[in-house]
Amino acid sequence: MFVPHTVATTPPARSALSELVGNTPLLRVAEPFAQDDRGFWAKLEGFNPGGIKDRPALHMVERARARGDLQPGARIIESTSGTLGLGLALAGMVYGHPVTLVTDPGLEMSMTRLLTAYGAQVNVVSEPHPTGGWQEARRDRVKQLTAQHVGSWCPDQYNNPDNTTAYTPLALELATGMNHIDVLVCSVGTGGHSAGVSRVLRQLYPELKVVGVDTIGSTIFGQPARPRLMRGLGSSIYPRNVAYDSFTEVHWVAPSEAVWTCRQLASSHYATGGWSVGAVALVAGWLARALPADTRIAAVFPDGPQRYLGTVYDDDYCAAHGLLDGAPALEPDLLGRVDEKEVTRWSRCTTVVDPLKLSEGSEPGEERALDDMSAIEDEVEGERQ
């Protein structure tokens, strides 16, 4: 008897591609960042095919298709400094969409070649925006291109709420792997993963402390915009996905401090990454040293080291940019408020304010704040009692 062959609605090869994303490993990190009885847990998102932003790229595309915002075969156009571009190239392959990625001259040539190899068109802006820097210039180019390509769709990662809900699985993976979390440490760029992960974890652990990590020269938390060497975190605009009221405190890290930490991770744990990873590990290591030994600290490492071989791990590049100055200070400078002074080295502030509200004259006390590290210690201890 003839049995008709059943054709799957999703080609198996494409389904298998999306299944490569998620369930990334956790790594215990201690010496040389903290004593062996302390340390923190690092979520190694570099084990995704393209890094952490594979998660929101697939999710934003899937949801846009479900709503009808993205029609079958329509072009996806977005601004990226690299990692989301990899994710969108993957999503375009999985769902059958051409992809155009707008970037700037700071993108590594190796990344441009890789994105092109994955089938994406790479469009490079030549001049920064007078006030919004490269990010605003890229966003302006995206608007031009979407107007030219009828029916095209822009994910708008900076403001798209799907960018935050995409990280629900990551939060649940952390909760399953660690059983309990006291402190979450995340880098902040678009604000997606810090908002998405903290929202879910706070439902499970109401007393969770969330520590944001930014780069010097970034405007996200109220510092003045300056040219930035570090990519993947920081911003010269104010992304509306940043959940300012979820942060207990914010740290700013300089490029040389991130480089030192990345290299220490590589030589001590055979696991490392780029600028965001170095910045997050520096802060998480300090928290592990400063907080009680039984504090359970989760740190999200957004990517791996591959795209940074010509920057973070290149001695000539680092020397040319003054990034081999030795170990960072053992602890950060403390600011009373985010706009107290312009930071040039590792610094922290325990009063987190939306800069747009600050510019409107709101008082810092109206936002979530803690006076100092002892206050975090008291709250962590109180939760354990």
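I started with helix 9 (255-269) and helix 10 (275-290), whose axes come within 7 Å and cross at roughly 85 degrees. Axes here are lines fitted to C-alpha atoms, over the stretch in contact for helices, with angles from 0 to 180 degrees between N-to-C directions. Angles of 65 to 115 degrees count as roughly perpendicular, so I noted the pair as roughly perpendicular. Helices are DSSP runs of H or I, at least four residues, and strands are E runs of at least two, numbered from the N terminus.

This is a predicted model: local features need pLDDT of at least 70, side-chain atom pairs pLDDT 80 or more, while totals for chains, interfaces and linings use all residues. Numbering runs from 1 along each chain, and side-chain values use heavy atoms, without hydrogens or water.

Next I looked up who meets whom (contact: heavy atoms within 4.5 Å). Helix 9 brings residues including P255, V259 and L265, and helix 10 brings W275, A281 and L282 among them.

I found 39 residues in it, with F40, V185, W275, L287 and F301 having the most contacts inside. Helix 10 gives the largest share, 11 residues.

I checked F40 too: beyond four places in sequence, its contacts include L27, A281, A284 and F301.

Last, helix 7 (168-178): I listed L170, A171, E173, L174, A175 and M178 as buried. N179 follows helix 7 with a positive phi, near 70 degrees.

Technical notes
Buried < 20%, exposed > 50% of the residue type's maximum accessible area, 1.4 Å probe, protein only. Core = buried A, V, L, I, M, F, W, Y, C linked by side-chain atoms within 4.5 Å. Parallel < 35°, antiparallel > 145°, perpendicular 65-115°, else oblique.
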